[in-house]
Amino acid sequence: MKRLVYFFFVLMALSINVAAQDTHSYANPSAVRVRHVDLDWDVLFDQKILKGTTTLTIERTSQTEPLILDTRDLNIERVETSVNGLEYTPATFTVGTSDKILGAPLTIPLPAGATRVRIQYSTSPGASGLQWLAPAQTAGKKDPFMFTQSQAIHARSWIPLQDTPAVRVTYNAHVRTPRNLLAVMSAENDAHTPRDGDYSFRMRQPIPSYLIALAVGDLRFRTLGPRTGVYAEPQMIDRAARELSDTEKMVVATERLYGAYRWGRFDILVLPPSFPFGGMENPRLTFATPTILAGDKSLVSLVAHELAHSWSGNLVTNATWRDFWLNEGFTVYLERRILEAVYGRAREEMEASLGLRELLEEMATLEDRDEILHVDLTGRDPDDGFTNVPYEKGALFLRHLEQTFGRVQFDRFLRSYFNLLAFQSITTEQFLTHLRQYLLDDNPALAARVPIDEWINNAGLPSSAPKPTSPAFARVEEQAQRWLRGEITATQIPVAKWTTQERLHFLKFVQSALEPPASAGGPADAAATQLSQTERLRLMGELDRAFQLTRSGNSEIAFQWLMMSIQDKYEPAYPRLEEFLLSVGRRKFIRPLYQELAKTPEGKERALAIYRRARPTYHPIAVTSIDQDLKWPSQ
Ligand code: BES
Ligand code: ZN
């Protein structure tokens, strides 16, 4: 009897775990689970749609429940089911009412023995996970371009599937495009396939839906190393290959730290500038913004980041979007370890210290609920919960564990974590169970020093949180202080000898010194005495003349400078601001610029005038965010 009770207890615990409900999906994987997806499309640029079929191979634990799929704005034309995968018979289906965030459930009753479901459909031109670029938005200006972005819940806008990271599928795809264009996917493909408009792909490892990706354009390929390469438009390929030439080294360094790279190749696709993110870790083919092409490899931490996801995220995956910190916190921690291995400790210290600063600055503006690693996103769009918290606070948590247990032991823990949980999707609770079993329980004295529950469930940072610092940044601050006190001129600041990270830190330090005390939030250092507007403008002008900041071709420097220019109303930078907003679509840059502009009435007018022109060139994901921020009418 006792054993029976125990058995039921375990069963309940398990089913709670399995059902750890993904509140961002209608799917019912505990009754019917999709295991494999066959995709077949025509890419129709003139109509801005994908048209074709998706065939799902399913596994059933219930012979009565229907298959429920996630969809958004799909035109479902016909559904069929099959017992043997050869003969298909028409099936009934219903598309439920559409929710603004979740889209609509597609419910398909299943006949006895059905193992396949084939859906004939097309996407809609406004699909949230697709962007269709006119030739003018490409480097080549001749051909159109399209690409997908599935994370977090946009796969459903181009594929009817169980759009939850708890479900992993293998996939095959067959894609027809205009004859002169090349299609690439997050799957095995032949880089030297004849360009005939007919392309095939195979992903043999089970991945979550948010990692299914496709891009089509006039693309070239260049080899970087034995397992690494880069795709880009012909006009960009040389620059891209030069910038990314350390990629193979990074793969080697990461394998040394965390075990074998399990995905075969690691290629990078450099997209046109409207790509809304810095990077996206699509397996075998990371998607990247061209804004990392600084000319001096100074922004390649993004490559380290997306590569790190090949372990944290793509091998071991967050089961729901409230567990997102398991993907991103681990990845930022790994990213910094890769940077340290490839570029040395000083670089790592600078990146970690910039990360901490950004986290603290952002947390000063966040509600408590958004500062929690195990965040509750129920009823919210996961795209809105996008902050530095899962990234930087998550990474600090792992850094705290590393410092407490020592590198040797913590590295061993991480290697076994990636091996034991490879190709699984896990919740925060499952991670904590694993952590206890493989690290904490063996070392109770050390474990007592890390307030696990506080890290996972509280707002803010535990008082014992690590505070990464950089000696190089301390030297930068000294120079900045001397300049702000009038002891040296801007031309005497040794900026030419500084790395991009040091320059960024210099600008951020000056920014908080120039900041009017009312809106303080940055470090209230000695220099932060109240400066008049004229004085601030004089200082901005001096910096600009000395370092040509308005003309900087480094996207991170340009962004930082433009933010300061808006804050201090430094008008000589306005034409560059406009040009930047009209040519870059990376949300991390453009959203804060619009938000900063919108803080004053004149700025808001300027923002709206620029946005009116830029909006048609931005990705739907960026448009949704900025529409909200600027209260753009068309919502
Ligand atoms: N997976 C993310 C991008 C993402 C997250 C897209 C959530 C959609 C929803 C990617 O790995 C990432 O974090 N990119 C960062 C760059 C990175 C260096 C911090 C970005 O795009 O800014
Ligand atoms: Zn990431």
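A residue is called buried when its relative accessible area is under 20%, exposed when it is over 50%, and partly exposed in between (1.4 Å probe, protein chains only). By this definition H305 is buried, and so is E328. The structure is a predicted model, in which local features need pLDDT of at least 70, side-chain atom pairs count only at pLDDT 80 or more, and totals for chains, interfaces and linings use all residues. Residues are numbered from 1 along each chain, ligands are numbered from 1 in the order in which they are written, and side-chain values use heavy atoms, without hydrogens and water.

**The zinc ion**

- H305 (NE2), H309 (NE2) and E328, through two OE entries, coordinate the zinc ion (ligand 2) at 1.9 to 2.7 Å; donors are N, O and S atoms within 2.8 Å of the metal (3.2 Å for Na, K and Ca).
- The spacing of these donor residues in sequence is H-x3-H-x18-E.
- Because H305 lies in helix α4 (residues 301-308) and E328 in helix α5 (residues 324-343), the pair ties together parts that are 23 residues apart in sequence; helices are DSSP runs (H or I) of at least four residues.

**Ligand 1**

- Among the 16 residues around ligand 1, those that come nearest are Q151, G278, E281, E306 and Y391; a residue counts as near if one of its heavy atoms lies within 4 Å.
- A polar side-chain atom of Y391 lies 2.7 Å from an oxygen atom of ligand 1, and one of H309 lies 2.9 Å from an oxygen atom of ligand 1.
- Helix α4 contributes three residues, the largest share of the shell around ligand 1.

Conventions. Helix = DSSP H or I, 4+ residues; strand = E, 2+ residues; numbered from the N terminus. Polar contact = N/O pair within 3.5 Å; in protein donor to acceptor, adjacent residues only side chain to side chain.
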